[in-house]
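Student: Could we go through this structure together? I would like to begin with the charged side chains.

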Amino acid sequence: PRQISVLVIGDVEKPGRKTMTAFHTVLEALQEADGIKKTGSLRRIKLVRGGKGEFIDLYSVMMQGGGGADKSLRDGDRIIVPPIGPTVAVAGAVKRPAVYEIKKGENLSALEMLGLAGGVLSPGSNRFMRLSLGGDGREVVEDVQEPGRKVFGDGGILTVAQAAAKRSENVELSGHT
């Protein structure tokens with residue numbers, strides 16, 4: 001197969017020029033660079049080809065299995081991984097508790113946040129809480145009354161708990177304490 005040269009730069013473990021074949025894809029080039037750092041964006045990877053750039057959102061590949069985001073490579077392509085953008089977090093009784101990158105200026109509903117996290121662990125009566133910081137720097141905990149309302153922006157945290165569980169002014173210790 002014909003050899004091509006691709007430049008992978010930005011927030012990847014091993015940036016630099018990679019020699020690959022014309023059959024390789026953007027994902028394989030990122031793998032050749034030992035992956036994206038925790039500080040790198042998965043939503044705005046830029047593929048520059050012939051002086052024109054296009055953005056690739058790897059969430060469509062990871063979450064929905066959409067293979068259309070993984071483009072074939074050509075000689076001289078550049079792949080640029082910028083720093084991570086705005087984030088939200090989902091914690092508690094969900095299948096994939098984690099920090100998720102969102103698009104700039106995007107707000108999500110509790111239902112969309114649960115979609116990112118793979119849904120709740122157990123169906124039934126769950127309590128959804130929004131955690132935020134008040135103007136005085138204190139943590140504010142409020143129940144999510146309308147799960148379809150888009151109230152989670154950059155820095156938003158959704159916590160899912162059993163309906164009977166209450167959170168108020170508590171301390172949790174874990175590990176060697």
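Student: How many salt bridges does a search of the whole structure find?

Tutor: The search finds 7 salt bridges; a salt bridge is a side-chain nitrogen of Lys or Arg within 4 Å of a carboxyl oxygen of Asp or Glu. Please note that this is a predicted model, in which local features need pLDDT of at least 70 and side-chain atom pairs count only at pLDDT 80 or more, while totals for chains, interfaces and linings use all residues. Residues are numbered from 1 along each chain as its sequence is written, and side-chain values use heavy atoms, with hydrogens and water left out.

Student: Why can such side chains pair?

Tutor: Side chains of opposite charge can pair when their charged atoms come close.

Student: Which side chain does Arg-43 meet in a salt bridge?

Tutor: Arg-43 meets Asp-57, at 2.8 Å from N to O. Arg-43 lies in the loop between helix H1 (26-32) and strand S3 (45-49), and Asp-57 in the loop between S4 and helix H2 (59-64), so the pair ties together parts that are 14 residues apart in sequence. Helices (H or I, at least four residues) and strands (E, at least two) are DSSP runs, numbered from the N terminus.

Student: Is Arg-43 buried or exposed?

Tutor: Arg-43 is buried, with a relative accessible area of 15%, and Asp-57 is buried at 17%. Buried means under 20% relative accessible area, exposed over 50%, and partly exposed in between (1.4 Å probe, protein chains only).

Student: And what does Glu-54 pair with?

Tutor: The side chain of Glu-54 forms a salt bridge with that of Lys-71, at 3.7 Å from N to O. Glu-54 is in strand S4 and Lys-71 in the loop between H2 and S5, 17 residues apart. Glu-54 counts as partly exposed at 32% relative accessibility, and Lys-71 counts as partly exposed at 28%.

Student: Let us change topic. What is the order of the strands in the sheet that contains S4?

Tutor: That open sheet has 5 strands in the order S2-S1-S5-S3-S4, with mixed pairing; two strands pair if DSSP finds at least two bridges between them. Strand S2 (16-21) and strand S4 (52-56) are at the edges with a single partner strand each, so one side of each has no neighbour in the sheet.

Student: In which sense do S1 and S5 pair?

Tutor: Strand S1 (residues 3-10) and strand S5 (residues 78-81) pair in the parallel sense over 4 bridges. Ile-9 stands opposite Ile-80 in S5.

Student: What about the sheet with S12?

Tutor: There, 5 strands form an open sheet in the order S7-S6-S12-S9-S10, and the pairing is mixed. Its edge strands are S7 (98-101) and S10 (139-143), each pairing on one side only. Strands S6 (residues 87-92) and S12 (residues 157-162) pair in the parallel sense over 4 bridges, and Ile-157 in S12 is the bridge partner of Ala-89.

Student: Which residues touch the most other members of the largest nonpolar core?

Tutor: Of its 18 residues, these are Val-90, Tyr-100, Met-113, Leu-158 and Val-160. A nonpolar core is a set of buried Ala, Val, Leu, Ile, Met, Phe, Trp, Tyr and Cys residues joined through side-chain atoms within 4.5 Å. The elements giving two or more residues to this core are S6, helix H3 (110-116) and S12, and H3 provides the largest share, 4 residues.
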